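I opened a new notebook page for this structure. The entries below follow the order in which I looked things up.

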Amino acid sequence: MPLATRIIPCLDVDNGRVVKGINFKNLVDAGDPVQLAKMYAEQGADEITFLDISASRDNKETMLDVVRKTADAVFIPLTVGGGIKSVADVDYLLRAGADKISINTSAINNPDLINEISNRFGSQVLVISIDARRTSEKYATSGFEVTTHGGTKSCGLDALAWTIEAVQRGAGEVLLNSMDKDGTKDGFDLELIEIIRSKVSVPLIASGGAGKVSDFYPAVKAGANALLAASVFHFQDIKIEDVKKELQANNVEIRSQI
Amino acid sequence: MSKNIVVLDYGSGNIRSAQKSLQHVGANVVISNDFQTCLDADGLVIPGVGAFAACIDGIRNVRGLEIVDKRLAGSRFVLGICVGMQIMFENGLEHGVKTQGLQQWPGDVTQIDATILPHMGWNNIEVSQGSRLFDGVAEEKFYFVHSFAAKNLDLVGTEKIDPPLKHYTTHGERFLSSVENGPLSATQFHPEKSGEAGLQLLANWLGCV
């Protein structure tokens, strides 16, 4: 299969600066988003994801400016998530140069938003981001539930059922974040990936738990089409190039840099 | 001298990237839907994301059909990208609805038969011999995001006109991922999002216009 498995660095952006902490706590400043995005593109990233984690939504212009500057300098796909609550928010981001947008909590609060965005811009722009964790609660028939607030709050939704609903409503891609694995550097959540993959036919991005180069191939084997990581790339623990070499050694199709 | 390129503005998605990538490879680029500006440009880029029907509506609102017809009649270059390629065909069939395209090329645009859709990510192109567009980048991967495509183009050449160059990609099934047909070229993938390979392809196109 010649379609390459994608490696996607994720940059958490707070008021125009890139940050990433363990389990979204204890944030550490790690640089300028535009420069980082450019560096990652040069290092072989197949896409870039920005997650806007700014507490204040008063100044959306800051994020739009980051998106504009990045899209002007980096010619690979750019996904932006965080704080998107309306079709108008999506419109601004796409006009600023984003190719895809991801929504999470706002879709849980207002599932019709998924339909509205995909009807207006097409499902290919819409990534449904799901923060899933293990639970023994009865409503979570897949064994995984949907959470918000960085995994601290339960939504009372089964993760598989919610993913299926979001895709039926028009999401074109799933970003699956394992809250059990996030920040552990212990490998991706293979069980979670397998469960979602078995019922969902849109592309699946696995996130949470990447710690070393050998963590990536098992996630591809479990069914991920793309692999997203943040801190391991930011702090140069592992290089994108080395991840691709490892995948290639396991006969996974990757994109080589010119 | 820099070529003057217009990116057709008809309300479709991220056109800023098309503008910036062409500027990056040395073109003067404006985003416009002014009739005369679109006719006068050295090259016209027609981007497109989302639904076929919505793109056609947008194109019609800016007299896009007339613009494309007039340009091609005068051998002036046009590049369609993604849905901007699809709308060059006779019809688009999405979700059971048949929508008439710009009909520059025979054939319909239909859903790709694949396990995982959309076809999203970097894929190879089977490049036909003699391509100017893929000069130097025939072995590279390009970025796709789509669920629909034309599967083929049945168009023969004449004494005066060469037959179109057809390039293919496979995702589930084989489909047409690019065409070079005189002044009309198109890519199902996004050269403006395909890194260095995409920039080279755009530079190649600029070299033709």
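Which residue in strand 7 of chain A does A:Ile103 stand opposite? I looked it up and found A:Ile128. I note here that the model is predicted.

**Entry 1: strand 6 of chain A**

I followed the pairing from there. Strand 6 of chain A is joined to strand 7 (residues 126-134) of chain A by three bridges, and the two run parallel. I then checked strand 5 (residues 78-81) of chain A, which pairs with strand 6 in the parallel sense, also over three bridges. Within that pairing, A:Gly81 has A:Ser102 of strand 6 as its bridge partner.

Together with helix 3 (residues 87-96) of chain A, they make a β-α-β unit, and I noted its hand as right-handed.

**Entry 2: strand 4 of chain A**

I moved to strand 4 (residues 48-52) of chain A. Five of its five residues are buried, so I wrote it down as largely enclosed by the rest of the structure. A:Ile48, A:Phe50 and A:Asp52 point one way, while A:Thr49 and A:Leu51 point the other way.

I listed the partners of strand 4 of chain A. Strand 1 (residues 6-14) of chain A runs parallel to strand 4, with four bridges between them; here A:Cys10 stands opposite A:Thr49. Strand 5 of chain A is also parallel to strand 4 and joined to it by four bridges. In that pair, A:Ile48 stands opposite A:Leu78.

**Entry 3: chain A as a whole**

I stepped back to the whole chain. Chain A holds ten helices and twelve strands. Its C-alpha atoms fill a box of roughly 50 × 45 × 35 Å along the principal axes.

Why do I call chain A compact? A compact globule of 258 residues would have a radius of gyration near 18 Å, and chain A agrees because its value is 17 Å. I also recorded that 54% of the 258 residues of chain A count as buried. Of the contacts in chain A with a separation of 6 or more, 64% come from residues 24 or more positions apart.

**Entry 4: where chain A meets chain B**

How many residues of chain A are in contact with chain B? I found 28, in contact with 32 residues of chain B. On the chain A side, the elements giving two or more residues are helix 2 (60-73) and helix 3. I sorted the residues of that side into 15 nonpolar, six polar and seven charged.

**Entry 5: a sheet in chain B**

I ended with chain B. Seven of its strands form an open sheet in the order 2-1-3-4-13-12-11, with mixed pairing. The edges are strand 2 (28-32) and strand 11 (165-171) of chain B, each pairing on one side only. I noted an average twist of 25° from one strand to the next.

For an antiparallel pair I took strand 12 (residues 173-181) and strand 13 (residues 184-187) of chain B, which four bridges join. There B:Glu180 has B:Ser185 as its bridge partner. Helix 4 (residues 64-73) of chain B packs on the sheet and touches strand 1 (4-8), strand 3 (43-46), strand 4 (77-81) and strand 13 of chain B. The direction of helix 4 makes about 135° with that of strand 4 of chain B.

Key
Residues numbered from 1 in each chain as written. Chains lettered and ligands numbered in written order. Predicted model: local features only at pLDDT ≥ 70, side-chain atom pairs only at ≥ 80, totals over all residues. Pairing = 2+ DSSP bridges. Right-handed = clockwise from strand over helix to strand, strands pointing away. Contact = placed C-beta atoms within 7 Å. Nonpolar A, V, L, I, M, F, W, Y, C, P; charged D, E, K, R; others polar. Rg over C-alpha atoms; globule rule 2.2 N^0.38 Å. Buried ≥ 20, exposed ≤ 12 C-beta atoms within 10 Å, placed from the backbone. Axes fitted to C-alpha atoms, helices over the stretch in contact; angles between N-to-C directions.
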